[in-house]
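Subject: Handing over the model

Hello,

I am passing a structure on to you, and I hope you enjoy going through it. Please have a look at it first, and then read my notes below.

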Amino acid sequence: MGEGKFDGIRISTRPDAIDNTVLARMQAYHVTAIELGAQSMSDAVHLANGRGHTAQTVREASARIRDGGFSLGLQQMVGLYGSTLADEYDTLE
């Protein structure tokens with residue numbers, strides 16, 4: 001793959017865009033790592049910012065990604081509208 005120029009592909013996407021069909025396609029294209037825009041693990045923060053997914057969606061997508069053999073990265077956004085310091089620390093955990 002890549003004639004020695006690269007080892008894999010990393011992509012970023014939304015947690016609610018992950019399903020088994022998407023993961024199969026990513027494997028076919030030699031994607032090795034997937035980053036999720038989790039942003040927060042507070043459902044109230046997600047709702048206040050119109051994120052369109054929940055903390056459970058992040059958990060489920062993360063499990064699917066790892067079960068599919070991909071490396072997983074999670075993106076956190078600090079300071080989102082309605083987020084408290086406790087929300088930030090909960091997300092970090």
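The model is predicted, so to speak of local features a pLDDT of at least 70 is needed, side-chain atom pairs count only at pLDDT 80 or more, and totals for chains, interfaces and linings use all residues. Residues are numbered from 1 along each chain as its sequence is written, and side-chain values use heavy atoms, with hydrogens and water left out.

**Layout**

The chain holds four helices and three strands; these are DSSP runs numbered from the N terminus, with helices being H or I of at least four residues and strands being E of at least two. Along the sequence the elements follow the pattern β-α-β-α-α-β-α. The C-alpha trace spans about 50 × 25 × 20 Å along its principal axes. Of the 93 residues in the chain, 30% are buried. Here buried means under 20% relative accessible area, exposed means over 50%, and partly exposed lies in between, with a 1.4 Å probe and protein chains only. The areas themselves come from the Shrake-Rupley method with that 1.4 Å probe, and for residues only the protein chains shown count as cover.

**The sheet**

The three strands make an open, parallel sheet in the order β1-β2-β3, where two strands pair if DSSP finds at least two bridges between them. At the edges are β1 (9-13) and β3 (71-76), each pairing on one side only. From one strand to the next the twist averages 25°; the axes are lines fitted to C-alpha atoms (for helices, over the stretch in contact), and angles run from 0 to 180 degrees between N-to-C directions.

β1 and β2 pair over five bridges, with R10 standing opposite A33 in β2. β2 (residues 31-39) also pairs with β3 over five bridges, and there E35 has G73 as its bridge partner in β3. Eight of the nine residues of β2 are buried, so this strand is largely enclosed by the rest of the structure.

**The core**

Which residues make up the largest nonpolar core? There are nine: I18, L23, M26, V31, I34, L36, A61, I65 and F70. A nonpolar core is a set of buried Ala, Val, Leu, Ile, Met, Phe, Trp, Tyr and Cys residues joined through side-chain atoms within 4.5 Å. The elements giving two or more residues to this core are α1 (20-28), β2 and α3 (55-67), and β2 provides the largest share, three residues.

I18 is in the loop between β1 and α1 and is buried at a relative accessible area of 7%. The C-alpha atom of I18 is separated by 9.5 Å from that of V58, which is 40 residues away along the chain.

**Charges and surface**

There are two salt bridges, each being a side-chain nitrogen of Lys or Arg within 4 Å of a carboxyl oxygen of Asp or Glu. One joins the side chains of R10 and E35 at 3.0 Å, N to O. Since R10 is in strand β1 and E35 in strand β2, this pair ties together parts that are 25 residues apart in sequence. R10 is exposed, with a relative accessible area of 53%. R14 and D16 form a salt bridge too, with their closest N and O atoms 2.9 Å apart. R14 is partly exposed at 37% relative accessibility, as is D16 at 39%.

L85, Y89 and L92 make a nonpolar surface patch of about 380 Å². Patches are made of residues with over 30% relative accessible area and no salt bridge, with like charges joined within 9 Å and nonpolar side chains (Val, Leu, Ile, Met, Phe, Trp, Tyr) within 5 Å. Y89 lies in helix α4 (residues 85-92).

**Two backbone angles**

Most residues other than glycine have a negative phi. H30, which is not a glycine, has a positive phi of about 65°. H30 sits in the loop between α1 and β2 and is partly exposed, at 43% relative accessible area. Q39 likewise has a positive phi, near 70°. Q39 lies in strand β2 and is buried, at 8% relative accessibility.

Best wishes
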